[in-house]
Amino acid sequence: MSPTEPSRPEGPAAGQIPVLVLAGFLGSGKTTLLNHLLRSSRGTRIGAIVNDFGSIEIDAMTVAGQLGDSTVSLGNGCLCCAVDASELDVFLERLTRPAARLDVIVIEASGLAEPQELVRMLLASDNERIVYGGLVEVVDAAEYEATRERHPELDRHLGIADLVVLNKTDRIGAGERERLRAAIGVRLGAGAAVVEAVYGRVDPGLFFERRPASERVGQLAFDDLLHDEHEQGDGGDHGTHLHAGYESVDFTSRLPMHPRRLLDLLDSRPGGLYRIKGYVDFGPADPDRRYAVHTVGRFLRFTPEPWPRDVPHRTELVLIGSGIDGPALLRGLEGARRGGADPLPDERSMWGVLRYVPEPGAARDRAGAGDESAAETYQEPGDPEEPYEGYAEEYGERVPGGGAYGRD
Ligand SMILES: Nc1nc2c(ncn2[C@@H]2O[C@H](COP(=O)(O)OP(=O)(O)OP(=O)(O)O)[C@@H](O)[C@H]2O)c(=O)[nH]1
């Protein structure tokens, strides 16, 4: 296990752009974090949706073009839109057009809507080019208790967050940091993680794929200059500091995975295991296709696609989290492989997995069908084989339609 930058295998299925929601109460450091992401994008093209341009350090990034009233393109290939929730769909449509060539979209939630409303909108979106990229809740470490007093809903936000950035840790001592991590930890949902930050400086690799250096030609000079300046301003320890917050574990197997065992493992993934990405080979259970897997917090999605020619059939996963037990995760994955003595798969073998495969047009159909159809994509806790009809109703508040969440 090493705190390396996770760069392979790919995350969401090819062509799908993860959309992250950045939430947090007033002054917690959302904009500071977003500016950090934009500054350190290093060729990864970010689309940022914000309330207004006022707080984005656009000048520092050189405005390369004004694309209408509410969108500017930055010199490092990123795009910024200043819109409110009512225009969100329109701008998501625009930002996900292939011509925009964006790798990730970040929506700053402040003033737009309640974070769960935004998450719900994303999961129910008809836009097949996007995939939910997680809810990031920024918390002011020095003001945690005061914020909870003023905004009791903070507890609820923590409960639905996929990643909590405990920001402004420069303003508290080590003992208080531990106390806060524990206090926040008990409020988190399964799979969610906490990372500490000062001035929002979290490794962008935790949020999205970084473009490999070979693909950054043309943007490199400007982007790297910007990055270097910033690092020097931080006293030069920026890079090492960034990696401190999380670990990544690689798993590769030539033996195919057993669908039910893998699903059991994913359903019970431990706290702190914030992201899983990669490809799964289910061997004889579906010999012609590989399954891109993408989890963020409680969200889980499989996207089947034909095996590309010349790509060996094997499972490759990267698991990313904070405070995770790498060796235990690897042991679990090894135990979820198909053994020689396992009976041949039958038609039921893949049912559990297929429940996490989005159906084309599902969001559109659901819009007409009401809540009940959402039950098809969820599983009953305790029975990975059968859909649980009451799930959507029971978890309706926490499991917005349109995507599949793992078990809580
Ligand atoms: N000491 C300290 N100050 C920080 C840190 N992160 C952000 N700040 C400061 O906190 C203030 C608020 O940060 P913003 O990024 O504007 O917070 P925000 O959540 O976007 O605020 P709103 O948009 O008003 O909700 C700014 O003055 C930042 O410079 C940090 O880690 N430590």
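Helices (H or I, at least four residues) and strands (E, at least two) are taken here as DSSP runs, numbered from the N terminus. This is a predicted model, in which local features need pLDDT of at least 70 and side-chain atom pairs count only at pLDDT 80 or more, while totals for chains, interfaces and linings use all residues. Residues are numbered from 1 along each chain as its sequence is written.

By these rules the chain has 14 helices and 16 strands. Of its 408 residues, 47% are buried, a residue being called buried if 20 or more other C-beta atoms lie within 10 Å of its own, exposed if 12 or fewer, and partly exposed in between, with C-beta atoms placed from the backbone. Two residues are in contact if their C-beta atoms, again placed from the backbone, lie within 7 Å; among the contacts in the chain with a separation of 6 or more, 77% are between residues 24 or more positions apart.

The model scores ipTM 0.98 and pTM 0.76. For pLDDT, the predictor's confidence in each residue from 0 to 100, the chain has a mean of 76, and 69% of its residues reach 70 or more. Confidence is highest in α11, at a mean of 96, and lowest in strand β15 (residues 379–380), at 29. Over residues 363–408 the pLDDT is below 50, and this stretch has 86 contacts in the model beyond near neighbours in sequence. Residues 228–243 also stay under 50, and for them the model has 12 contacts beyond four places in sequence.

Strands are counted as paired if DSSP finds at least two bridges between them. Strand β1 (residues 17–23) runs parallel to β6 and is joined to it by 4 bridges, and V19 has I105 as its bridge partner in β6. Strand β2 (residues 46–50) is likewise parallel to β6 and joined to it by 4 bridges, with G47 standing opposite I105.

Helix α4 (residues 115–123) is mostly covered, as 7 of its 9 residues are buried; these are P115, Q116, L118, V119, M121, L122 and L123. The elements that cover them include β1, α3 (88–95), β6, β7 (130–140) and α6 (154–160).

What surrounds the ligand? The shell holds 17 residues, of which the closest are G29, K30, T31, T32 and K168, where a residue is near a molecule or strand if its C-beta atom, placed from the backbone, lies within 6 Å of it. Helix α1 (residues 30–39) gives the largest share of this shell, 3 residues. That helix is itself mostly covered, with 9 of its 10 residues buried, among them K30 and T31. By class the shell has 3 nonpolar, 10 polar and 4 charged residues, with Ala, Val, Leu, Ile, Met, Phe, Trp, Tyr, Cys and Pro counted as nonpolar, Asp, Glu, Lys and Arg as charged, and the others, Gly among them, as polar.

K168 lies in the loop between β8 (163–167) and α7 (174–185), and has a positive phi of about 65 degrees although it is not a glycine. This residue counts as buried because 23 other C-beta atoms lie within 10 Å. Y199, in the loop between β9 (193–196) and α8 (220–233), also is not a glycine and has a positive phi, of about 50 degrees. Y199 counts as partly exposed because it has 15 C-beta neighbours inside 10 Å.

Towards the C-terminal part of the chain, an unreviewed UniProt entry places the feature "domain: CobW C-terminal" at residues 246–337; UniProt positions are given in the numbering used here, feature names are shortened, and annotations may be inferred rather than shown by experiment. The span is 21% helix and 41% strand, and its end C-alpha atoms lie 26 Å apart. A336 is found in the loop between α11 (326–335) and α12 (351–354), and is buried because 21 other C-beta atoms lie within 10 Å. Leaving aside residues up to four places away in sequence, A336 touches M257, H258, R261, L262 and L265. The C-alpha atoms of A336 and C81, 255 residues apart along the chain, are separated by 44 Å.
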